[in-house]
Amino acid sequence: MSTATATSAPEQKKDAPLGGRFVGAAANYIDERTSISGLVKELGRKIFPDHWSFMLGEIALWSFVVVLLSGTFLTFFFQASMVETHYDGSYPLMRGVAMSAALDSTLNISFDLRGGLLVRQIHHWAALVFVAGIGVHMLRVFFTGAFRKPRELNWVIGFVLFVLAMGEGFTGYSLPDDLLSGNGLRIIDGMIKGIPLIGTWTSFLLFGGEFPGDAIVGRLYTLHILLLPAILVALLALHLVLMIINKHTQFAGPARTNSNVVGYPMLPVYASKMGGFFFLTFGVIVLIASLFTINPIWNYGPYDPSPVSAGTQPDWYIGFADGALRLVPPGWEFVWLDRTWSFNIIVPLVVLVLFILLVAIYPFIEAWITGDKREHHIAQRPRNAATRTAIGVAGVIFYATLWAAASSDLIATHFMLSMEGVIHFLQFTLILGPVIGYFVAKRIAIALQKKDREVVLHGYESGRIVRLPGGEYIEVHQPVDQYDRWKLIDAETYEPYVPRPNAKGNIPWHRNLRAAISRWFFEDRLTPLTQAEIAAADAHQHHSLDHMDEEEAAEIAGADQRAAEDGRPVNAVGEKASAEWPSPKALNEANETDEGDAPRA
Amino acid sequence: MAHDVDPLEHERASWKPSSGLAVEVSDPAVNPGLPPHRERITDKDPAAMQRAVRTVYTLFYLSVAASIWAVVAYMVFPLDGTLAAVHNNSMFVGLGIAFALLAIGIGAIHWSKAVMSDKEYIEPRHATRGRDTTREGAIAVFEAANEESGFGRRAMIRNSLIAAVVASVIPGITLFRGLAPEGENPVELLEHTMWKKGMRLALDPTGRPIKASEVTLGSAFHVIPEELAKLSHHEGYLEEKAKAIVLLMRLPQEDLIEAEDRKSWSYDGIVAYSKVCTHVGCPVALYEQLTHHLLCPCHQSQFDVADGAKVIFGPAARPLPQLPITVDDEGYLVAQSDFTEPVGPSFWERH
Amino acid sequence: MARFKKHRQSGRRSPLAAAALIGIGLLITGGVYAGASAAVAATSETEPAASTLTVEDGQKLFQANCATCHGLDLQGTDAGPSLYGVGELAVHFQVSTGRMPLQAQAPQAPQKPVQFTDEQIEALASYVQAVAPGPAYPASEVLDGEGDLAAGAELFRINCAMCHNVAGAGGALTEGKYAPNLHHTTALNMYAAMVTGPQNMPVFNDMNLTLEDKRDIISALLWMQENPSPGGYALGSLGPVAEGLFIWIFGIGTLIAVTVWITAKSN
């Protein structure tokens with residue numbers, strides 16, 4: 001293999017360093033200047049737990065990388081200026097049209113730069129995937145209770161990242177200054193103007209004067225490529241560092257406890273899986289971008305306050321805000337004290353801000369209710385936290401209704417309904433949907449808990465029907481193997497808070513409140529399983545299964561005996577029957593000669 | 001928790017966090033421990049392992065081929081001014097890149113699943129909370145710093161420092177006043193549009209003035225002030241247009257319900273309304289000829305042209321402002337004055 | 001074990017299976033053919049064909065198919081408006097898109113399979129035009145598609161896109177009405193719609209949109225019909241809603257499927 005070398009490598013034990021002389025020398029060079037060997041030792045074989053739902057955050061992470069890469073390419077060609085120019089590129093329907101340099105450069109990227117349209121589409125599709133990835137990741141973290149101590153701060157950081165991502169998306173698609181995004185800016189301007197006290201001046205400051213002005217695209221560009229990404233990258237780094245320090249949560253399973261991590265090491269398995277997933281995410285996005293149009297700004301043309309397109313919607317992640325505006329009934333505005341109070345704008349804004357705030361502070365609410373100050377590193381199955389899951393479902397329905405409302409006109413045309421009917425239905429659903437969803441989800445979660453308990457104690461229904469000697473039919477329940485069974489056992493149960501009077505004999509109002517809320521949270525629950533119960537159930541199961549096995553063996557022995565007496569082939573249990581059957585011709589003859597029924601086999 | 005074998009018990013000796021409302025189970029279920037390792041086909045059968053390895057590097061080499069294809073496509077599908085060329089270039093380069101990336105990804109995953117060891121490891125967690133000794137050390141750091149600087153007891157220094165740092169930020173924030181132009185009052189700007197007495201109604205975007213006789217029943221004309229068409233972008237074309245756009249329609253006179261003081265604002269059944277939605281400012285451009293309803297496509301506010309453009313559905317709260325019109329002596333439609341109220345979305349100072 | 005009964009010895013498949021398979025195949029083929037021919041019939045449209053049918057034939061057709069609602073003398077009834085002055089253009093538009101004869105009352109007359117041949121449509125049109133003249137067919141130049149594309153697209157955005165969408169994908173109106181998509185509309189019907197203002201569409205007379213303007217708009221629309229999006233499949237040109245739906249179902253769906261594959265234990 002390798003021979004001894006004359007260079008002064010740090011280790012004299014091996015003949016050649018790992019990876020060869022060059023790699024060894026390079027590693028030495030760097031380590032002598034950066035202490036990197038410490039990091040490698042600490043993190044190189046770090047264990048990560050394995051579950052598909054733990055990779056949802058990576059969808060967001062890798063699509064963000066794609067957004068950064070494609071966006072950087074675009075910055076070399078895009079001009080974020082509203083200076084008026086006339087288009088003279090390849091697209092005939094825009095030729096000679098007056099437009100801003102922003103739209104002009106976007107059209108040039110699309111039609112007169114090889115790969116330009118591809119990269120534009122990669123960038124925009126990746127942005128949609130990015131925000132969607134954050135959404136599914138956030139839902140996973142919520143429904144598994146992975147936001148509990150010590151990860152509350154990471155939840156808040158992640159939440160801020162979500163808002164930043166939406167901001168990035170909005171500023172990004174407004175850059176080309178086309179009709180669709182321009183109308184979106186018009187709507188934002190109208191909303192800002194409706195804010196009491198500061199609205200008019202805020203709009204004036206934002207647009208640098210009257211709407212639309214000639215400053216907004218440049219300012220959004222500064223936000224989009226400098227400020228927002230910088231904050232985003234910094235918070236993302238913090239988010240990941242916290243995840244490394246806290247280590248990832250894991251689902252309950254064999255050998256998994258609250259004090260360990262069970263899984264595969266970073267090098268080589270996770271590095272390969274994460275790296276592979278990066279390439280797959282990138283590849284899927286590029287595949288979609290090669291085949292499907294997104295944001296065809298050439299159809300929209302330059303922003304002008306006069307034209308508008310049917311089907312004017314923002315990108316999907318802003319849809320919930322647009323939908324909130326659409327669901328407000330008419331007339332919610334009045335003049336009082338010489339000022340206009342636009343509740344048709346204030347109410348949606350307040351509702352959305354409250355909703356967002358509730359999501360952001362949820363971990364602290366739950367921590368206050370449970371008073372549990374221990375660290376939690378086991379991810380809960382959603383069914384085992386029934387009230388939290390039900391709250392989450394209610395929140396999702398609320399969000400989804402607002403989101404659906406943004407496409408109310410398209411729902412009307414595509415399902416041949418009236419837009420008024422769609423809007424009224426969604427108004428109704430906005431209020432009642434979360435309530436109904438809450439109750440249904442909670443009941444389903446509790447039912448699933450009961451089913452799990454059933455399976456743990458009594459086994460699963462195997463589909464094998466047995467007829468007992470007395471004539472009754474039963475379905476045999478097979479026990480689940482001990483490793484899978486462990487996953488079905490819920491280790492964490494809480495009970496409602498029972499307040500006690502203090503020294504003065506009173507119960508403060510906030511303790512009463514906590515008691516009431518904790519009752520709501522934890523009243524419907526299953527009592528925790530004890531090992532004794534499990535052992536007893538095990539014993540009982542084995543007993544009845546053994547009993548059945550005995551009966552079965554007795555039946556088969558009897559049948560075999562009768563077969564042997566008749567001279568028919570004997571089938572040993574578990575073996576295939578091998579016998580010589582008569583040929584079809586012979587069987588036919590037997591049938592035709594009608595010798596009567598053959599003896600019962 | 002009681003039976004949990006906690007290897008880090010010693011680290012947590014002094015730290016017993018409250019478990020709050022958690023139920024303590026005296027005899028909890030016992031963790032069965034790691035199941036025995038189940039061998040994969042590639043572990044049992046060396047030929048299968050070889051096949052897996054071959055699959056992995058074949059995928060990687062295919063990826064190289066796809067990348068080369070992407071570069072070839074870049075050259076072989078140039079742009080020639082037609083849309084078809086753009087489509088071909090975009091699609092073939094994109095597919096090449098996509099397959100190159102997907103092949104690397106699939107190869108890497110297959111490598112990690114089928115070839116790399118799938119032995120599970122157990123790693124203990126450390127308590128996130130620092131050890132007591134560490135925390136005491138941290139406190140000692142601050143104590144020493146406090147002692148040496150007097151930060152704690154020298155209230156004057158401390159408070160004035162905080163005040164100074166906070167104050168130092170304010171000038172920077174003040175600079176951002178420059179985002180908006182000086183000497184312009186947004187409320188005044190919002191209260192007036194370009195329309196003036198005698199200004200002709202003209203077609204958008206050409207600026208050709210419109211005669212009353214041209215507006216037949218069932219028409220919808222998209223209107224701007226005649227002067228607007230002469231403005232250039234840096235003279236404020238879009239800013240004026242954003243307030244001045246008007247929709248001109250003709251209804252049978254008998255269908256029009258008009259307030260007493262507005263009877264003179266229409267001309268022979270021809271009415272002109274601001275096209276800027278009073279909700280949040282989109283152009284209310286959808287005119288339904290038979291129902292004489294105006295629909296805004298953004299949030300579905302609806303206005304009844306026959307009845308003062310009042311709101312009949314949707315989140316808008318105010319009717320569209322009406323432009324008083326008449327004809328001049330050549331028969332062209334002209335404005336009698338500016339709008340009598342601010343157009344467009346509501347704002348705080350509007351009354 | 002099992003008794004040997006008087007039983008067929010063929011395989012597990014029932015002999016009826018073959019019959020069922022043929023039946024299903026016939027149904028599918030027939031259905032596809034019917035659908036295709038309906039689609040073809042609905043879209044097959046050209047310039048007014050040279051007609052061998054006369055105005056009298058048109059009158060007979062009218063009396064048989066239209067007079068119930070529109071009156072024998074075109075005067076209108078409770079069920080349908082008067083056709084005085086609608087002209088051959090309106091007749092061509094309504095009948096060649098299948099909107100007329102109307103089958104049921106609805107928020108608006110939908111397009112459906114065309115019920116008459118081109119010649120019959122021309123006969124009907126010339127009859128109505130003869131009884132009470134109205135808007136007539138334009139000069140062929142207006143429909144030639146050689147107008148100013150950029151000007152036409154701009155006029156389309158200002159006058160038409162708010163209902164029909166910038167790419168002609170259609171849009172919603174109030175109370176269940178809608179502006180249809182324009183992906184398969186003929187040049188003549190584009191002109192006819194602008195001039196006659198069918199149902200709730202406004203009328204665009206020649207003072208609002210001159211003949212040159214109309215020619216430009218028609219040219220732009222025809223160009224859009226003939227030139228599919230260079231970015232790939234357009235997802236109906238419906239904008240961010242379609243894009244969002246697509247990325248959630250196929251983008252996130254695919255990526256989640258990939259994560260399940262990645263973390264599944266290899267066998």
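Colleague: Which residue of chain B does the side chain of C:Lys265 meet in a salt bridge?

Modeller: Side chains of opposite charge can pair when their charged atoms come close. In this predicted model, C:Lys265 forms a salt bridge with B:Glu120, at 3.9 Å from N to O. The pair crosses between chains: C:Lys265 sits in the segment after helix 10 of chain C, and B:Glu120 in the loop between helix 3 (83-115) and strand 1 (121-124) of chain B.

Colleague: Is C:Lys265 buried or exposed, and what about B:Glu120?

Modeller: C:Lys265 has 53% relative accessibility, so it counts as exposed, the cut-off being over 50%. B:Glu120 has 17% and counts as buried, because the limit there is under 20%.

Colleague: Where do A:Arg383 and A:Asp452 lie in chain A?

Modeller: Their side chains meet in a salt bridge of 2.8 Å, N to O. A:Arg383 is in the loop between strand 8 (378-379) and helix 14 (386-405), while A:Asp452 is in helix 16 (residues 419-458), so the pair ties together parts that are 69 residues apart in sequence. Both residues are buried.

Colleague: How far apart are the closest N and O atoms of B:Lys263 and B:Glu260?

Modeller: They are 3.7 Å apart, and the two residues form a salt bridge. B:Lys263 is partly exposed at 44% relative accessibility, and B:Glu260 is exposed at 64%. Salt bridges can also share partners, as in the network that joins A:Arg186, A:Asp189 and A:Lys193.

Colleague: How many salt bridges are there over all chains?

Modeller: The count comes to 42 by this rule.

Colleague: How many of them cross the interface of chain C and chain A?

Modeller: The rule finds 0 salt bridges there. It does find 15 residue pairs in polar contact across that interface, both residues being at pLDDT 80 or more. Helix 10 of chain C gives the most to the side of chain C that touches chain A, with 18 residues.

Colleague: How much area do chain C and chain A bury between them?

Modeller: About 5300 Å², with 72% of it on carbon and sulfur atoms. The contact involves 57 residues of chain C and 70 residues of chain A.

Colleague: Where does B:Gln302 lie, and is it buried or exposed?

Modeller: B:Gln302 lies in strand 8 (residues 302-304) of chain B. Its relative accessible area is 3%, so it is buried. Leaving aside neighbours within four places in sequence, B:Gln302 has contacts that include A:Met419, A:Glu420, B:Leu294, B:Phe313 and C:Thr174.

Notes. Residues numbered from 1 in each chain as written. Chains lettered and ligands numbered in written order. Heavy atoms only, no water. Contact = heavy atoms within 4.5 Å. Buried area = accessible area lost by both parts, 1.4 Å probe. Salt bridge = Lys/Arg side-chain N within 4 Å of Asp/Glu carboxyl O. Polar contact = N/O pair within 3.5 Å; in protein donor to acceptor, adjacent residues only side chain to side chain. Helix = DSSP H or I, 4+ residues; strand = E, 2+ residues; numbered from the N terminus. Buried < 20%, exposed > 50% of the residue type's maximum accessible area, 1.4 Å probe, protein only.
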